[in-house]
Amino acid sequence: MGGDGARKLRALSAVDSLKRLASAHYGRIVYSRRGLPIIRPVNHIVDDDTVVVRAHLGAGLLRGDGQVVAYEADSFDEHTRRGWSVIVTGVARVVTDLEQVRRYDSLLDPWITLATDHVIRIETDVVTGLELVDDGTDR
């Protein structure tokens with residue numbers, strides 16, 4: 001079906017949301033600097049129920065360990081007008097355990113050429129996901 005059919009939003013469970021998030025290659029992290037929201041695209045992995053990203057030394061996110069952040073990723077098809085969006089909200093913490101840092105370094109391949117000196121783990125305290133499906137589809 002092309003773009004002609006009716007669509008509806010269907011809520012995804014937390015488990016399904018994290019599975020969708022794990023299938024995405026990149027997303028957007030939202031954090032606060034001087035009371036204003038900052039949004040940055042980054043690649044990520046999902047490790048159990050946490051989201052892990054890497055950041056460079058100048059990242060505003062690192063100005064305070066334990067900052068509440070949001071992370072969003074999505075996948076939409078322009079032609080079928082179907083897809084999904086997942087948002088997790090939680091506390092971001094710098095990973096300091098060297099064994100964990102090495103493990104995440106091997107799993108995360110940054111897309112930028114800046115040195116990404118810090119590994120950030122986001123606890124997924126709130127997980128919401130929505131899927132845009134054909135009206136009448138019950139998957």
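How many salt bridges does a search of the whole structure find? The search returns nine, a salt bridge being a side-chain nitrogen of Lys or Arg within 4 Å of a carboxyl oxygen of Asp or Glu. The structure is a predicted model, in which local features need pLDDT of at least 70 and side-chain atom pairs count only at pLDDT 80 or more, while totals for chains, interfaces and linings use all residues. Residues are numbered from 1 along each chain as its sequence is written, and side-chain values use heavy atoms, with hydrogens and water left out.

The mean pLDDT of the chain is 85, where pLDDT is the predictor's confidence in each residue, from 0 to 100. A value of 70 or more is reached by 83% of the residues. Confidence is highest in helix α1 (residues 14-23), at a mean of 96, and lowest in helix α2 (residues 98-107), at 89.

The secondary structure comprises two helices and nine strands. Helices (H or I, at least four residues) and strands (E, at least two) are DSSP runs, numbered from the N terminus. From that terminus on, the elements follow the order β-α-β-β-β-β-β-β-α-β-β. Of the 139 residues of the chain, 39% count as buried; buried means under 20% relative accessible area, exposed over 50%, and partly exposed in between, with a 1.4 Å probe and protein chains only. The chain exposes about 8400 Å², of which carbon and sulfur atoms supply 52%; accessible areas come from the Shrake-Rupley method with a 1.4 Å probe, and for residues only the protein chains shown count as cover. Among contacts (heavy atoms within 4.5 Å) between residues at least 6 apart in sequence, 71% join residues at least 24 apart.

Strand pairing was assigned where DSSP finds at least two bridges between two strands. Strand β2 (residues 26-33) and strand β3 (residues 36-43) run antiparallel and are joined by eight bridges. In this pair, Y31 stands opposite I38 in β3. The two strands form a hairpin with two residues between them, and R34 in the turn has a positive phi of about 55°.

Strand β7 (residues 82-94) pairs with β6 in the antiparallel sense through 11 bridges, with A73 opposite V86 in β7. Four residues separate the strands of the β6-β7 hairpin, where R81 takes a positive phi near 60°. Strand β7 also pairs with β9, again antiparallel, over seven bridges. Here V86 stands opposite G129 in β9. Three bridges join β7 to strand β8 (residues 118-123), and these strands run antiparallel. The bridge partner of V94 in β8 is I120.

Helix α1 has buried residues S17, L18, R20 and L21. Seen down the helix axis, the buried residues of α1 fall within an arc of 160°, so they line one face of the helix; the arc is that of the directions from the helix axis to the C-beta atoms. On the other side of α1, V15 and K19 are exposed. The buried residues of α1 pack against β1, β4, β5 (50-55), β6, β7 and β9.

Side chains of opposite charge can pair when their charged atoms come close. One of the salt bridges is formed by R7 and D134, with the closest N and O atoms 3.0 Å apart. R7 lies in strand β1 (residues 7-12) and D134 in strand β9 (residues 126-134), so this pair ties together parts that are 127 residues apart in sequence. D134 counts as buried, at 15% relative accessibility.

A further salt bridge joins D74 to R28, the closest N and O atoms being 2.9 Å apart. Because D74 lies in strand β6 (residues 67-77) and R28 in strand β2, the pair ties together parts that are 46 residues apart in sequence. D74 is partly exposed, with a relative accessible area of 30%, and R28 is partly exposed, with 23%.

R103 forms a salt bridge with D47, and the closest N and O atoms of this pair are 3.1 Å apart. The pair links distant parts of the chain, R103 in helix α2 and D47 in strand β4 (residues 45-47), 56 residues apart. R103 counts as partly exposed at 39% relative accessibility, whereas D47 counts as buried at 15%. Salt bridges that share partners join R7, R82 and D134 into one network.
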